[in-house]
Amino acid sequence: MKSKSKKILGFATLLVGLTLCGVGGWFLLGPSQDEAIVRIQVGQPYTNDADVPVSYDPYFIQTEFEKIQSQLVLSEVVGALNLNEEWGNRYNHGRTLETNETIKMLQRRMKFVRDQNLGTFEIHVTTENADEAAKIANAIASTYRDQRIERLRYEKAEDLETMEEAYQMEEKKITREQSSLEGMKKQLNLTNSEPAGEGLKSNYPAYYRGKQELANDETFQELVKNKIESEKSSLNQPIDPFVNIVSPAVPPKSPTGPNRTLGTILMLCGLPISGFGISMLKKS
């Protein structure tokens, strides 16, 4: 019975020691991990009419995080940096990876840290190559910024199209009003001359109201026309994406992992524990 207890204790001790040695060995022999960080500042766009932010969105930053990690952004990064081939050679026995596979690998190597005090957040990218980590982090930030510019430009173009459609409908309405007013003018025998001011208002109230409504509509239509011209002009101007790359990523000077010191400590602890377990087994 005593011998059996020693055997169980020996196996348990040996298992603990081997586990410590295994983990320590991984920390000592595992490939270096280099983490590059790019810091960006993201703001919400303003309304078209004034420098007033659009309605507050409490999930704005979380939504932007999801966009940065989306296939739309990362597929462009993967293509630009040729990661399918590069990582295929490194991790897939020389066989080129599919884009969706590379994206999943990249997502696992990304981390976001938000600094609420400064209104910024960081994109952390960890790979086994310092230069590569910095290139990927910067490519993610710049691709996200460029795609946001395109998205805002597309939204402005859509708004302009809607405005032009409304303008055309209003033009048809004004044409009908003008035609109706001309018909009323003939019926009232005002083709040669018409009273001015209060005389027109008191003697021909319906005609007067129609004329006032037409004038108001034409004035408003002129404002809309000017707004459309302004929006068309702005489409050809640089668009502020409200994304500022505060500090680009640079290759880290030293690896962020694995922890070689911890690996050494674990090995130094694991070896004697393993030896003790072996001795217990021999005595059982």
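Me: Between which two helices does the loop with Asn82 lie?
Reply: This is a predicted model, where local features need pLDDT of at least 70, side-chain atom pairs count only at pLDDT 80 or more, and totals for chains, interfaces and linings use all residues. Residues are numbered from 1 along each chain as its sequence is written, and side-chain values use heavy atoms, with hydrogens and water left out. Helices (DSSP runs of H or I, at least four residues) and strands (runs of E, at least two) are numbered from the N terminus. The loop that holds Asn82 lies between helix H3 (71-80) and helix H4 (83-91).

Me: What is the phi of Asn82?
Reply: Most residues other than glycine have a negative phi. Asn82 is not a glycine, yet its phi is positive, near 55°.

Me: Is Asn82 buried, partly exposed or exposed?
Reply: Buried means under 20% relative accessible area, exposed means over 50%, and partly exposed is in between (1.4 Å probe, protein chains only). The relative accessible area of Asn82 is 35%, so Asn82 is partly exposed.

Me: Why does the salt bridge of Glu122 and Arg39 tie together parts that are apart in sequence, and how many residues apart are they?
Reply: The side chains of Glu122 and Arg39 meet at 2.6 Å, N to O. Glu122 lies in strand S3 (residues 120-127) and Arg39 in strand S1 (residues 34-42), so the parts tied together are apart in sequence by 83 residues.

Me: Which residue of strand S4 is the bridge partner of Gln41?
Reply: S1 is joined to strand S4 (residues 243-247) by 4 bridges, and the two run antiparallel. In S4, the partner of Gln41 is Asn244.

Me: How many residues apart in sequence are the parts tied together by Glu164 and Lys232?
Reply: Glu164 forms a salt bridge with Lys232, and their closest N and O atoms are 3.2 Å apart. Glu164 lies in helix H6 (residues 130-187) and Lys232 in helix H8 (residues 205-235), so the separation in sequence is 68 residues.

Me: Which residues does Met110 touch, not counting residues up to four places away in sequence?
Reply: Met110 lies in strand S2 (residues 110-115) and is buried, with a relative accessible area of 10%. Contact means heavy atoms within 4.5 Å. With residues up to four places away in sequence left out, Met110 touches Ile68, Gln69, Leu74, Ile123, His124, Val125 and Ile140.

How values were computed. A salt bridge is a side-chain nitrogen of Lys or Arg within 4 Å of a carboxyl oxygen of Asp or Glu. Two strands pair if DSSP finds at least two bridges between them.
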